[in-house]
Amino acid sequence: MSVNQQTHTGPPYGQPQPGYQGFQQPAYGGQSLPGAPQSQYGAYNGPVPGYQQPVPPQGYYPSLGFPSKGSPVSLNSDTSLAPNFIGSLRAPPTSGAPPPASGASHPSGHVAYSQFEHGDVQNGIPASAAPVQRPPASQPFLPGSAPTPVSQISTFQQYGPPPGSVQQLRNHMAGMTIGSTAASAPPPAGLGYASVPPVSGSVSATGSGLYTPYSASQGPPLPSVSQALPVAQPPFPGQTIPTQRLPAQVPGFTPPPPSTGVGPSSYPPTTGAPRPPAMPGPPLPGQTVAGPPSSQPNHVSSPPPPSAMAGLHPGPPMSGLHGPPPPTHPPQPGYQMQQNGSFGQMRGPQPNYGGAYPGAPNYGSPPGPPPPPKRLDPDSIPSPIQVIEDDRNNRGSEPFVTGVRGQVPPLVTTNFLVKDQGNASPRYIRCTSYNIPCTSDMAKQSQVPLAAVIKPLATLPPEETLPYLVDHGESGPVRCNRCKAYMCPFMQFIEGGRRFQCCFCSCVTEVPPHYFQHLDHTGKRVDFYDRPELSLGSYEFLATVDYCKNNKFPSPPAFIFMIDVSYNAVKSGLVRLICEELKSLLDYLPREGNMEESAIRVGFVTYNKVLHFYNVKSSLAQPQMMVVSDVADMFVPLLDGFLVNVNESRTVIASLLDQIPEMFADTRETETVFAPVIQAGLEALKAAECAGKLFIFHTSLPIAEAPGKLKNRDDRKLINTDKEKTLFQPQTSFYNNLAKDCVAQGCCVDLFLFPNQYLDVATLGVVPYQTGGSIYKYAYFQLETDQYRFLNDLRRDVQKEVGFDAVMRVRTSTGIRATDFFGAFYMSNTTDVEMAGLDCDKTITVEFKHDDKLSEDSGALLQCALLYTSCAGQRRLRIHNLSLNCCTQLADLYRNCETDTLINYLAKYAYRGVLSSPVKTVRDALINQCAQILACYRKNCASPSSAGQLILPECMKLLPVYLNCVLKSDVLQPGPEVTTDDRAYIRHLVTSMDVAETNVFFYPRLLPLTKADVDSDSLPAAIRNSEERLSKGDIYLLENGLNIFVWVGVNVQQSLIQNLFGVSSFSQISNALSTLPVLENPFSKKVRSIVDMLQGQRSRYMKLIIVKQEDKLEMLFKHFLVEDKSLSGGASYVDFLCHMHKEIRQLLS
Amino acid sequence: MATYLEFIQQNEERDGVRFSWNVWPSSRLEATRMVVPLACLLTPLKERLDLPPVQYEPVLCSRPTCKAVLNPLCQVDYRAKLWACNFCFQRNQFPPAYAGISEVNQPAELMPQFSTIEYIVQRGPQTPLIFLYVVDTCLEEEDLQALKESLQMSLSLLPPDALVGLITFGRMVQVHELSCEGISKSYVFRGTKDLTAKQIQDMLGLSRPAVPMQQGRPLQTPEQPVISSRFLQPVHKIDMNLTDLLGELQRDPWPVTQGKRPLRSTGVALSIAVGLLEGTFPNTGARIMLFTGGPPTQGPGMVVGDELKTPIRSWHDIEKDNARFMKKATKHYETLANRSAANGHCIDIYACALDQTGLLEMKCCANLTGGHMVMGDSFNTSLFKQTFQRVFSKGYNGEFRMAFGANLDVKTSRELKIAGAIGPCMSLNAKGPCVSENELGIGGTSQWKICSLDPSTTLAIYFEVVNQHNAPIPQGGRGAVQFVTHYQHSSTQKRIRVTTIARNWADAQTQLQHIEAAFDQEAAAVLMARLGVYRAESEEGPDVLRWLDRQLIRLCQKFGQYNKDDPNSFRLSESFSLYPQFIFHLRRSPFLQVFNNSPDESSYYRHHFARQDLTQSLIMIQPILYAYSFHGPPEPVLLDSSSILPDRILLMDTFFQIVIYLGETIAQWQKAGYQDMPEYENFKHLLQAPLDDAQEILQTRFPMPRYIHTEHGGSQARFLLSKVNPSQTHNNLYAWGQESGAPILTDDVSLQVFMDHLKKLAVSSAS
């Protein structure tokens, strides 16, 4: 085995490896198991002579995989996939397949083919050919294929153990591929078997579907494919692709053949075991056992085979898994099973997707499918880019009409219009699933969290209308008597309109006389279309005095700017900058509707160890400064003149802002206080009897003697210990209490931090966090580079729409209940989310649990009611309604999930978990939950198939890759250069993120700038986050919502550099640039417009970082190439996929 | 007698001293039988036009426990260049500078006419005077405006190099930084929280001197109190700044809801003022000037809650022990007063409000530190404006009539001991051989601190004769007392004024007539009154009256001439004749009677009584009444209801009030407008005469008296009617209808009745 591996990896991969190793190996290591499954397929092939055909594909894959890359296997798998694709897309003919693949892919394809050929020879099947031709070839190859698998497996296993080594990875990959191939193979097998397993037919379909998806990943069809393809296949393609691309690989390819040989060998084992193994991943070992013999034939592997066998079992973690299953799998039934399984996958997806995916028809032909692949793109593991592209293409054009219950909206990455016809726009609410299990048992079984991500004040594109304001008069909004739900489109009017039955609790309530209206013949109120609350999903009520604090209508809110004027702040120029900016910014305070001027009053405070309040009353000739040194017992020294109308006090304010920097220009005070600053703002608002927002600009750890004084407790040694959680917890409970007071007063705190060292974001952030505020952090703030970013954030933060003194409550149909909430807010009881301030970017994630049964007929309803004070001081209620379907079949659940939302929930859940559990535990829990979700699907929804096959629900096929990104994020797996503050900061950020933000945050967008069409407005097509997809000759842009990196390859054309940076050579590019120089040429314009466009899409201004290839900063950049193995130990996508697969198999066995 | 009167007057003019007895009984026993204690009224800084200060250090007795200053009473051996201390008899060498001394070449301090001499000495750095304004902003707009104007005006009256500071308070307390350009800056403190001096200094950022100290330049710190510069600035530098600042002063912006008093943090404001000066200028002359327009209503030192429905404490409440904040508040202000006094800073209180402002609780601030206490109805009255202006008045030589940080040291010859002092001073607890165990007033010490004094500030100092009966004093022996007053002159010079006086001893048994003849009944009345008022501060009013009565009876028994049990035979010698009358009026005075006075008024009156010189004190005890009529030139008339005649204009000066009262006829004439007719110009002159005289009094009096112009039957006539001896009342009907005066509707006894009783008791053998 080892030999095989080496051979495989070594030569061929050697070159490719660099990239691949990093990425794939680890993942594969984990996945080696999957490989096993493939082997199983192989086994199938083996066992079922008739079905050999299917086998071939397997063999094919393996062979392909081997040849293609170090991760030969993967290549094989890819190839296998490719074949499929090819089949589908083009004529099965081998030749056809290769060419289709992209230039880059071609090589691999070719290789693969070549391999196949070899494989064919050796394995017979290898299916590579087989895959293409699958049906026919399969039989003959079967035997051969079987052996190959074994060899592969063995290799995988061995590699598996040493995950670190590239080879291993590859092996794993291979294994994966095998699995995938198996999957793909299965279809054929299915076909072959078709007769045997009833499913077969469907299977084939699925198979094709599966393939298509993969191909889709390459091309459009993906969706259908994705289901079946599940992980296994994709990875291979991906691998292959990279290899192909890499020039080095090419040479490698030659070697691949040998690898193929190996592959075959691996298959063989599988084949032997395959069938059985198919069931469980583990079977592989068995396969291997079986394989050995085959392996021998295939390759040198023969010796290895045995060892491989052993190796397989023991070696890779897989082994463990494999171990047990193998035995079982071996049995012929296994074959069927396998077939079924493979079919199952096929089927599973098909049924679900059946309707949705046009692919289905293709499936019919699937066997032929090998043809499907248009191109022979090696990417075969699910590609986020592909999924995003597909969704964009499929759903971006038509408006999303919300009238239908339980409709899954387009992805967040897709631009679409929303037409509100009774349900809230997905911009307001997104759910993890739009089809809720009827019973808690189902929910528990599936482990799919039921959650809604709510952004109550979301900004709508100009084309969509804002929620209408409804005034129900003095008696206030019409509500259900019992559950107090607000009037909404789902309320049933009965008795001719005299009463209505609550859609949430079924209680019948009298319609107030002033609200009475007759019903038409359909039972609808005659004024249905006249009243937003009857026809729309989102609308606002004007609140009456009963909804106000102290039964008094609120005063207009106030903004208080609190500026740190300690030495650091002054010296860095920050104070001057802020003051300058405020002068103009104050004219842009949020206004209500078309009001002439903002009702918001402003106040100013500066502070270091003491606080300085300013009296800026309009009647004064000069502002007055009032120093409060009694920080132990904070109070507001003045009332009149502190909070003023900007227009009235314009000159005084201007004078103040002019003088602040001067006054403190010579300060030597380095110590600051913090809690008293918040207290001061709070007291000021209390005194003024209004809600408001504090903008605090702070630079250092507050060590001055005062309440809330902090000490430096940063200790990196705590990382990865049980005490790590303390780094996320506040140092003192003082801030929690303070936050509580702030919330009670409606005092929202926005914190701008400019630290030069540790300042304990975890503690300082408590109040902003609990009051619904934001935190902005500019580490090592430098005027030249960071001012633009800071000012943009500040402008946006000041100007953005915000509600104050908000209380949100989510009501649900009887049967489920909102049980848990995530976000920046405070809760004094279990149902009401209280926020001192809620702006248009803040999101609250709500989790639901069953407390009873739901019915399929009535579905499940959510009503989110947000009571808040508008920026003009108007008290309002914003209502969002959403209706969901309910299901009794798990398959329905899996078909209506939204992975992005799921990840949003999981990330928030995990990020909260780190407060109470060791990070390791949190990570394991995440992995486990996802494994359960997928295992449940596999068990209940996918048609039976080889255990070695990784089958993912179409809707969740990106779950592993995204989850891996979450696991690798700084909070859960910090690298050496990530500070404690960074982690706390990110934790805070993520907690309030909406789905779009988490999506790009965890899986950054990587755009090849050099591919951009300078003549169009469109963005260049994104590529996957992996280093191997970067070309030295190109410039790339990567954005994750916080940063924008511009990566410049060493071989970029000089003219491009000149055009973009205005310097003549690569070496002259300064990475100190914080903006791109403004140059008058199409390329520069295009790039800058892209950057501007991206900035415009995010709620925060992203930091622009120029990264030169092979420069120091590249380390930082690579951190964001999330499909690769990360320096901090995060698994590559492929490795993780393998691992996931292993977990799933463990669960299934 | 004339001689004694002259002697007394001469002594007073030269030394500012008036003794109750000018011949002293030579034994302890006899002295106690004299009833009126041996005591004196000392005006340490009495203005002396003819006293040029000498520019050298005084020569001190070398005995450490004595340290008396060389004076004309000392025996000098010109040949040996020795002098003998006349207090401890220590023989002292003259210092080298006195080498040329001889009988014909005497230093000033040895000349008899220099029994009072003033030295200018060079000690320590000269620090400018400090004026720290503590201003209440919880005022009506008009009041605040007036106050602001007064304050702005005062800036021009200050010595240009004086340091000024400003603290304003209302609900919060603001310490204004004066050195800044542009934005005016102030430090704000919560009005409800008492802070220690340390905390205050930390919060004001005054604790920095530690830094230079560490850098090894400790010597410079005392000379360059740089730290304080932010809050206390030379007037000439920040004149404009401060004027603007005062101009922009807003009323306390915190809303006062219906039925509430504004929240006023007087206690904390004072505390901060004291803390500020304590930290920056200890032992330097400084005035904290508190301007308040109402009672403290929150924080330490609060006198009344902010609920208007609970009225501020009255004497009735205090007697019923129903003044819940009083004790605590008093304690707070006492602590402050003591701290302030310890640092030589004085606290003035200018309280202008129609209701009480808590002077009762705050009185010690002024009393212990020698500060002024001014009470008025509003800052927008001439009473306040002129009084305040007069604080900065200058003496004949163009110097401010104020001195700071005085330290009064009293030395006595062996036959005498010091029993105590009553006046605006604080004990320095200097024990010594001449300190008596029997305390009268503030005793137990031979030194007192007077943080602020002016030329009229007068202390009563009580002595005890300790010479035993069996140790007769040699004939012609004299007792001596030396008063040594170190103080900071308004020019910031350090000065020492030394007054040495001597009196003859006399054996009371054999020379009682000498002693009797040398009795100063005016001084005695004031000294007894001070004792009485001092006791009244701590005792129940009736007890004090009883004590006074008893003392009077005993005095009459001792010095009256009478036959036992025959009241009609009772006679008093001329030197005692007025004394009972003084006591009669004292008993009726607001110093001892609280009826009809609020606690604040009582405190106010008592405050002034305890620091004015003899003449003013007598006016307070027995107001002066002048009559103006066509019957003759203006004349002083009896303070008696019989003096109130229809054709007279009366001018009464009670020190606190100047009342001009038009008799019934005069008032009618005035109404008829005769004064405007040329033919009745004399009537116009008659009307004008008292006004001019009143004006004269008003010009010199501090504080400005309340000026009352009334007429027969006018409501304000009560001021007059309550003061005059009610010789005619509704009870003695025989007076009804007579033309001899106006009956007073009162049950108070008249002087006649009082005297009758006194005689009866004095001659009674039973007592």
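Guide: A polar contact here is a pair of N or O atoms within 3.5 Å; within protein, one must be able to donate a hydrogen and the other to accept it, and residues adjacent in sequence count only if both atoms are side-chain atoms. This is a predicted model, where local features need pLDDT of at least 70 and side-chain atom pairs count only at pLDDT 80 or more, while totals for chains, interfaces and linings use all residues. Residues are numbered from 1 along each chain as written, chains are lettered from A and ligands numbered from 1 in written order, and side-chain values use heavy atoms, without hydrogens or water.

Visitor: What sits 2.9 Å from a polar atom of the Ser427(B) side chain?

Guide: The backbone nitrogen of Asn429(B). Ser427(B) itself is part of strand S18 (residues 426–427) of chain B; strands are DSSP E runs of at least two residues and helices H or I runs of at least four, numbered from the N terminus.

Visitor: Is Ser427(B) buried or exposed?

Guide: Ser427(B) counts as buried, because its relative accessibility is 18% (buried is under 20%, exposed over 50%, partly exposed in between, with a 1.4 Å probe and protein chains only). Skipping neighbours within four places in sequence, Ser427(B) has contacts that include Ile442(B), Thr445(B) and Trp448(B), contact being heavy atoms within 4.5 Å.

Visitor: New topic. How many residues of strand S22 of chain B are buried?

Guide: Eleven of the 13 in S22(B), residues 494–506, so the strand is largely enclosed by the rest of the structure.

Visitor: Which way does S21 of chain B run against S22(B)?

Guide: S21(B), residues 478–488, is antiparallel to S22(B), with eleven bridges between them; pairing takes at least two DSSP bridges. Val481(B) faces Ile501(B) in that pairing. Five residues separate the two strands in the hairpin, and Thr492(B) there has a positive phi near 75°. S7(B), residues 116–121, is also antiparallel to S22(B), through six bridges, and Ile117(B) partners Val498(B). S2(B), residues 23–25, runs parallel to S22(B) with three bridges, and Pro25(B) is opposite Ala506(B).

Visitor: Domains next. How far apart are the C-alpha centres of domains 2 and 3 of chain B?

Guide: 37 Å. The contact draws nine residues from domain 2 of chain B and nine residues from domain 3 of chain B. Domain bounds come from an automatic or database assignment.

Visitor: And how much area do those two domains of chain B bury between them?

Guide: About 740 Å², with 59% of it on carbon and sulfur atoms; that is accessible area (1.4 Å probe) lost on putting the two parts together, summed over both. On the domain 2 side, Leu383(B), Thr387(B) and Arg390(B) supply 62% of the area buried against domain 3 of chain B, more than any other three residues.

Visitor: How many salt bridges cross that interface between domains 2 and 3 of chain B?

Guide: One, where a salt bridge is a Lys or Arg side-chain nitrogen within 4 Å of an Asp or Glu carboxyl oxygen. Asp377(B) and Arg706(B) form a salt bridge at 3.1 Å, N to O.

Visitor: How many salt bridges are there over all chains?

Guide: 82. One of them links Glu464(B) to Arg28(B) at 2.9 Å, N to O. Glu464(B) lies in strand S20 and Arg28(B) in helix H2 of chain B, so this pair ties together parts 436 residues apart in sequence. Glu464(B) is buried at 14% relative accessible area, while Arg28(B) is partly exposed at 32%.
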